[in-house]
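Please consult the sequence and the structure while reading.

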Number of protein chains: 4
Amino acid sequence: MENYLNRYQEIRKTTESLCEPLATEDYVAQPISDVSPPKWHLAHTTWFFETFLLKEFSKDYREFHPQFAFLFNSYYVSAGERMLRPNRGNMTRPTVEEIYQYRKYVDVAVGELLSHIITDEMKNILEIGFNHEQQHQELLFYDIKYILGHNPLFPAYDKDFEEYFTEDWEHDWVQINKGNYKIGFEGKGFSFDNEHNYHEVHLEGAKISNRLVTNGEYAEFIEAKGYEKHEYWHSDARAWLEETEISAPLYWHKIEGNWHYYTLAGLKPINKDAPLMHISFYEAYAFAEWKGMRLPTEFEWETAANLFDWGKRWEHTGSAYLPYPGYTKPAGAIGEYNGKFMVNQMVMRGSSRATSSNHSRKTYRNFFHPHLQWHFSGIRLAKDL
Amino acid sequence: MENYLNRYQEIRKTTESLCEPLATEDYVAQPISDVSPPKWHLAHTTWFFETFLLKEFSKDYREFHPQFAFLFNSYYVSAGERMLRPNRGNMTRPTVEEIYQYRKYVDVAVGELLSHIITDEMKNILEIGFNHEQQHQELLFYDIKYILGHNPLFPAYDKDFEEYFTEDWEHDWVQINKGNYKIGFEGKGFSFDNEHNYHEVHLEGAKISNRLVTNGEYAEFIEAKGYEKHEYWHSDARAWLEETEISAPLYWHKIEGNWHYYTLAGLKPINKDAPLMHISFYEAYAFAEWKGMRLPTEFEWETAANLFDWGKRWEHTGSAYLPYPGYTKPAGAIGEYNGKFMVNQMVMRGSSRATSSNHSRKTYRNFFHPHLQWHFSGIRLAKDL
Amino acid sequence: MENYLNRYQEIRKTTESLCEPLATEDYVAQPISDVSPPKWHLAHTTWFFETFLLKEFSKDYREFHPQFAFLFNSYYVSAGERMLRPNRGNMTRPTVEEIYQYRKYVDVAVGELLSHIITDEMKNILEIGFNHEQQHQELLFYDIKYILGHNPLFPAYDKDFEEYFTEDWEHDWVQINKGNYKIGFEGKGFSFDNEHNYHEVHLEGAKISNRLVTNGEYAEFIEAKGYEKHEYWHSDARAWLEETEISAPLYWHKIEGNWHYYTLAGLKPINKDAPLMHISFYEAYAFAEWKGMRLPTEFEWETAANLFDWGKRWEHTGSAYLPYPGYTKPAGAIGEYNGKFMVNQMVMRGSSRATSSNHSRKTYRNFFHPHLQWHFSGIRLAKDL
Amino acid sequence: MENYLNRYQEIRKTTESLCEPLATEDYVAQPISDVSPPKWHLAHTTWFFETFLLKEFSKDYREFHPQFAFLFNSYYVSAGERMLRPNRGNMTRPTVEEIYQYRKYVDVAVGELLSHIITDEMKNILEIGFNHEQQHQELLFYDIKYILGHNPLFPAYDKDFEEYFTEDWEHDWVQINKGNYKIGFEGKGFSFDNEHNYHEVHLEGAKISNRLVTNGEYAEFIEAKGYEKHEYWHSDARAWLEETEISAPLYWHKIEGNWHYYTLAGLKPINKDAPLMHISFYEAYAFAEWKGMRLPTEFEWETAANLFDWGKRWEHTGSAYLPYPGYTKPAGAIGEYNGKFMVNQMVMRGSSRATSSNHSRKTYRNFFHPHLQWHFSGIRLAKDL
């Protein structure tokens, strides 16, 4: 029992500590619909435990505020009418302080509940709630960076924050031979529905790079007019480039002829040797085309993952986000979690600087629409045998 | 000299006192492009004095921050590149506190400057700056109401705030006879360029109501399906109704069959006897058509203004916002103030609960696009002789 | 009686002769929502006579097709549900031939009706129907030019069509003295409701040019970077320039450094001495600002009209389109004709190459949204005394 | 040689015969960006042979018109600047007759060229050109139906056209056992790049229905409020439903309580026993969810295809459109054909009433964005073992 309570408290604390460097104002804005205000993340993760744990299992629990379910429900449509997503940034109330009170109120009630018996059903909800909040920790990172990084003053989140590192081992190719392989989560511990069933796939074989693409390599692609050469791009990508006039990774700025980028430590010249970040699937694909290579599939990635170093960038794959054979949605509101996103999105594998360590497993499947750049994404190239 | 400094300090203090009831979060949001974040108003009015007074007339003045001119310049395009208006709500930095520091810094510098000689040129800028800040006080009222009134929690700005009142005198018509009349500002004291030249107009005569249209009367228009009957509406208004699905004044909500409205004191049942507020020109025109009457022109209004009680609602007129004969824009950046808005907007006359007393003169011309509802607007009917 | 029938037949024939140079395909397209397909004009003007004349006054009349009222009703909302305007270009049926059959069918029925008694009520409808069809003749010109002029092949409508001419008299200013003047339609003959009442206005006096602005003068404005200098433009105009990236009159193309324009005779180098055409109100205003002058008001224009030569360009005025004193809408569906457009539009005076001669009267008021360029518009400058 | 020329002539004739029932006006419209005007299809397929065959291999060939490459190039960006897709419907010139002249001109030149030697390179282009034109024949069917079916007069394309049929055999399930299977095109004859490489996949096993879903079954889904129950729909699908207000298959209309649909023979009551048509992937997925089943993957479909009757509806699959292992784009402009669409689209298998017989092979992969309804799509359900 203590184990669950400890984990609960630790996770909840981590979420709050991520917000510590923020000014109150930073909690409010929603600059684009994909970016939620930090205060919304704080409240939404709390609403999850209130709705699915306290209201279900704690007899005497009285909800903190009758309208919070409406305000902080996101996609769990079964659990009540939701607020339209692009309006979140206009909700100045409840205040940040009230939201912290809400967190405390729910935390106290959860503490009490977990000091008694913990049923299997509760454990199930707790596991999902933990993982859910950890996923929002990751989104918090992205969203905070977006809010600060789009401010003309480029304020630092933390002056000593190190987003970048180098991979200084020699470049090599990891080989996967033609054959059948096992894919998906097996064994104990938590996993998401989208990692199931554990099943077999046939691979034709491939080689995967033991290093990520660097900022310097990507800068060469830009210099080579890669953004202008239609032949590297998907048809939908070209429409996206035309509409957005994007011609570099997110957060890159050319200042007096030199590439700089915004990091959580402020605006800096790019480090050419460090792995690239903040490119969309469209860009990752175009870069690979330019190189005459390709992105690995998620199955190739999972099969070879033990043989290269990963865990600091979400890595683009060439796989669309689809259900595994035998996939079934969990019943009820929780069932909305993953299945409804299985169209128009691409799978990313790995994990990032912003990922909770217990999400860092080689079967974990993250997914994004192919135009998004604001997550901590990278490129690992592959090629046919 | 003291006179100017006193006025400066009083006006600056009034602006800040308007914001006193706000939570820090309320300063940040920009729910629609016409509504600016309160912190932007606080900074923009300060930028005005910094740019046009201090930088021009105070030798040793050092600007507070090199990028604030970019962030807080609005329409004064001559004074430097401006930030795109709909982005203001995403600018979480500078913080509210930093903006108050900015205000203090500029206030100190202005205090020092005004303790020496005040030239006529400076007086001119000061007068415009005072009036400019007072206009923003009025906008602050509207914008604060919009931000709080669109929050699902309907927070009160001030529980004792009285937005509504009744006009309990007997209804009558004020008559204007056919003839030539003098229009525009004449005499001493401050006035805006758009109130000039003082000139003559010919009127065919009219009768103007000595009372404003009430909430009750407008509710009857709604009951009579006034929003659905195309014959009362302009062609552009119908397109607006179709697109927005508007079918009542702003802030009106039907709750269990009864009309309520959001006031700065919270959500309340409507007071049927109180003057109507928050209707667009389109709605004012349609209501008048339904009544078989019309809106007064701004010239009729100005001519008859001494004969009825006004000053708590901006009153819609049937006049488009156009220059008076002989109108000339002032030279330089200040010249952008009014002239560039003289197309596609309708004139409002009077003043409102939110208006500085020194804007309450019968020659003052306010103007809005015909679809806007968020200002404290009302209807006074007129008819031909 | 014969008189009415003759006029009917002549006007109907004129409409059709305007379409004679068209290919069947040219009748179908609606490239922007303001431009209607020529076949729609042919059918809509026919629908007018069918609905307001034949169905009302011809006992035995059987409508040509039950759905044509839906397809070819435009803004006469009282007369039944209308088809959404931007969809007109997708209506490939009825075919052009069927629409000519519709015209013939209605023409025969009108011929029969008019061979009997013609009541005053019928005369009233006929007059409006004549003027209505003549207005559509004018729109047909504009729309045909738009459809052909936006085709990459720049097909000629008529190789010998002369759109341009020169005003080779010496430049001079026509003076209007300060005083009261009579405005509006008085006397016999047809006039529109918006030309009434005949009433008095006071003018402060002005000088009006006896020549129109030429293509050459406007080219100088472009060379002087007039489109980029914000100080000449309305605030709404700047937003329009940014959104559309317009930087020249409609139909102007710079080819190898020289301005060309599309005329109904094909693509040609501009004639610098000929009066300018195809500029919006926004552009006309900005040009006048650049010149340090202004546009005349519609009252100045009407007062001075006898003293200068006009009739080949619709001339921009500085007047918003508003009702005259005592204006009342006619009863019924016909009443929708003018009043509902009296917001957000500016008045044009004069007439154009495309105007029926009986619309060429100095009291006639045309009106357009301030961004439109596709009509045969020109600029005549004015200045204060 | 004759073989190629015969095939060329036959295919070209088929395209034209599809257009025979059209009025000239029907060739012009582009009601939505996905639907091209029939005259554009006629010209574009001709442009293909002119550009890739005649200009490359016929020494003396003189192009028909210098601007047609600009007007009728679609996605072959390498081959020159293309016209923006949504503008096609405004291009009234060249006329339909001129386009038929263009076809004739090119056909004569091709006839001459093919009467001499035919190199392997030419054969390759010819095969692609034949298949390309046949794909456009299929699109022509869809687009013609869209243009006529969105006309308020619901004109018939051919009064005797039979779109619908019944599958009157007993319902049963075709079983695929767990195991490795061969996928993709192998052997002789033409195939597209996206059918290669021939490769192995592992399947977990499934059952596939031997009948398509009928109109009656889908009507039950509608009655059961399937469009309103969020749990059956993807998240992107819900946004699509909200935006478009779609609540039935394309061309379905409820008239006095009974479902009707537009067929190429006109508006008719639905045939409940006939296979459903005109549903998007989103709807197919939601229907399967409602049934507690799923769509087959494209690999399951291909593996089992010999065991059920197919060929009259394109059948939705649960597979995203992605490259097969070892896929490489052909070099040059031709290489744009398929690869650039391999994101955001779903695979359809089978063929339809509108498909050329030589596209009816079980390895053929068609693909559409998941919201599109205008193709002749159907649903075949599957379930896990």
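Is C19(A) buried or exposed? The model is predicted, and in it C19(A) has a relative accessibility of 0%. Because a residue counts as buried under 20% relative accessible area, C19(A) is classed as buried. The relative accessible area of C19(D) is likewise 0%, and C19(D) is therefore buried.

How many disulfides does a search of the whole structure find? Over all chains, the number is 0.

## A sheet in chain B

Chain B contains an open sheet of 3 strands, arranged in the order β5-β6-β7 with antiparallel pairing. Which strands stand at the edges? These are β5 (252-255) and β7 (266-269) of chain B. Each has a single partner strand, so one side of each is left without a neighbour in the sheet. From one strand to the next, the twist averages 35°.

Strands of a sheet pair through backbone hydrogen bonds, and the pairing may be parallel or antiparallel. In this sheet, β5(B) and β6 (residues 258-263) of chain B run antiparallel and are joined by 4 bridges.

## Arginine 103 of chain B

R103(B) belongs to helix α4 of chain B, which covers residues 96-114. Is R103(B) buried or exposed? Its relative accessibility is 0%, and R103(B) therefore counts as buried.

Which residues does R103(B) contact, leaving aside its neighbours within four places in sequence? They are R12(B), T15(B), E16(B), L42(B), T45(B), T46(B) and E133(B). For R12(B), a polar atom of the R103(B) side chain lies 3.2 Å from the backbone oxygen of R12(B). For T46(B), the side chains of R103(B) and T46(B) make a polar contact at 3.4 Å. The buried residue R103(B) thus has a side chain that makes a polar contact with the side chain of T46(B).

Note on methods. Residues numbered from 1 in each chain as written. Chains lettered and ligands numbered in written order. Predicted model: local features only at pLDDT ≥ 70, side-chain atom pairs only at ≥ 80, totals over all residues. Heavy atoms only, no water. Disulfide = S-S within 2.5 Å. Buried < 20%, exposed > 50% of the residue type's maximum accessible area, 1.4 Å probe, protein only. Pairing = 2+ DSSP bridges. Helix = DSSP H or I, 4+ residues; strand = E, 2+ residues; numbered from the N terminus. Axes fitted to C-alpha atoms, helices over the stretch in contact; angles between N-to-C directions. Polar contact = N/O pair within 3.5 Å; in protein donor to acceptor, adjacent residues only side chain to side chain. Contact = heavy atoms within 4.5 Å.
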